[in-house]
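The following exercises are to be worked through with the sequence and the model side by side. Each task is followed by a solution in steps.

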Amino acid sequence: MRPYCLRCWFFSVGTSAAFTAALLLLVAWTPLQAAAPGQTPSLPASGTVNTNANLRAGPGTSYAKVGSAAAGQAVQVTACDNGCTWFKLSSGDWVLAELVTVDATPATPATSAGAGSVVPVTPAVNQAYAVVTADLLNVRSQPQAGAQAVDALALGACVEVLALQPDWAQVQLSANQTGWCARDYLALTSACPAPQPVPTSAPKPAATATPKPATPSRSTGIGSLGGSSSGSGGGSSYSACCKVCTGSQACGDSCISRNKSCHKAPGCACNG
């Protein structure tokens, strides 16, 4: 029987304990691995910012800077762009994916219909445009009814859709500005409809003045006065004479004897 080596036993136990402690320490200090560029992590997921990073309004450096995140800051990643080179945070801002370490375990199950989940829009697969169906639709800074309105879209306006939530759609307003619209007032489509030509009204005919009927002149019959009318003319009318002188001569408005001279101006008496 081999003699029991107590010293050897202590050495063996000590070596095993030291190895186990070193292994646990190594596992505890192993950093979380970030998703490789181009690979889609399980989202939504918790993450940590590796270094000071700029936050932008959209997935790219061409979008406006809207804030910053400090190294070590915890973030919630809700979606990513088509290549997953940019992460969308729960605040609605975008950050470069390589600057964030994503936890391998999703924070909550990622479902397209879950409350608050964001579904990236792929133009080649999904409907990537939307037409406004309301008279005037507010565009808000966040997918919340109480968020600040940053713009408004008129009826029939067509915009590009960047991302979708069950009740909200993120739309592209300009090259450097995005916003959120309520999906109840948007009609998703694969392409914007062609603009309809504006109908032109036919020119109105020029107004023409309607000629007024001529007012008939009132005949006074004075031209037949003065003693020149004669009842012997046959068919002559004496309707304009106040007195017809038969066997006498007209003088003014009365008749006098023919052997007398008339010293009055022509009147309404007529020679008969």
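**Exercise 1: A cysteine pair within the fold**

Cys 80 is buried, with a relative accessible area of 5%. The model is a predicted one.

Task: Determine which cysteine is the disulfide partner of Cys 80, and state the handedness of the link.

Solution. 
1. The sulfur atoms of Cys 80 and Cys 84 are 1.9 Å apart. The cut-off for a disulfide is 2.5 Å, and Cys 80 and Cys 84 form one.
2. The S-S torsion of Cys 80 and Cys 84 is about -45°, so this disulfide is left-handed.
3. Cys 84 has a relative accessible area of 3%. Buried means under 20%, so Cys 84 is classed as buried.

**Exercise 2: A link between a strand and a loop**

Task: Locate the two ends of the disulfide between Cys 158 and Cys 192, and decide whether Cys 158 is buried or partly exposed.

Solution. 
1. The sulfur atoms of Cys 158 and Cys 192 lie 1.9 Å apart, and a disulfide joins the two residues.
2. The angle about their S-S bond is -85°, and the link of Cys 158 and Cys 192 is left-handed.
3. Cys 158 belongs to strand β12 (residues 158–164), while Cys 192 sits in the loop between β15 (186–189) and β16 (243–245). The pair therefore ties together parts that are 34 residues apart in sequence.
4. Cys 158 has 27% relative accessibility and counts as partly exposed. Cys 192, with a relative accessible area of 35%, is also partly exposed.

**Exercise 3: A link to strand β19**

Task: Find which parts of the chain are tied together by Cys 241 and Cys 270, and classify Cys 270 as buried or exposed.

Solution. 
1. Cys 241 and Cys 270 form a disulfide with sulfur atoms 1.6 Å apart.
2. With -85° about the S-S bond, the link of Cys 241 and Cys 270 is left-handed.
3. Cys 241 is in the loop between β15 and β16, and Cys 270 is in strand β19 (residues 269–271). The parts so joined are 29 residues apart in sequence.
4. Cys 241 is buried at 14% relative accessibility. Cys 270 is buried as well, with a relative accessible area of 0%.

**Exercise 4: The protein as a whole**

Task: State how many helices and strands the protein has, and what share of its residues is buried.

Solution. 
1. The protein has 1 helix and 19 strands.
2. Of the 272 residues, 29% are buried.
3. Among contacts with a separation of 6 or more, 54% are between residues 24 or more positions apart.
4. The accessible surface is about 17,700 Å², and carbon and sulfur atoms account for 57% of this area.

How values were computed: Residues are numbered from 1 along each chain as its sequence is written. This is a predicted model: local features need pLDDT of at least 70, side-chain atom pairs count only at pLDDT 80 or more; totals for chains, interfaces and linings use all residues. Side-chain values use heavy atoms; hydrogens and water are left out. Helices (H or I, at least four residues) and strands (E, at least two) are DSSP runs, numbered from the N terminus. Buried means under 20% relative accessible area, exposed over 50%, partly exposed in between (1.4 Å probe, protein chains only). Contact means heavy atoms within 4.5 Å. Accessible areas come from the Shrake-Rupley method with a 1.4 Å probe; for residues, only the protein chains shown count as cover.
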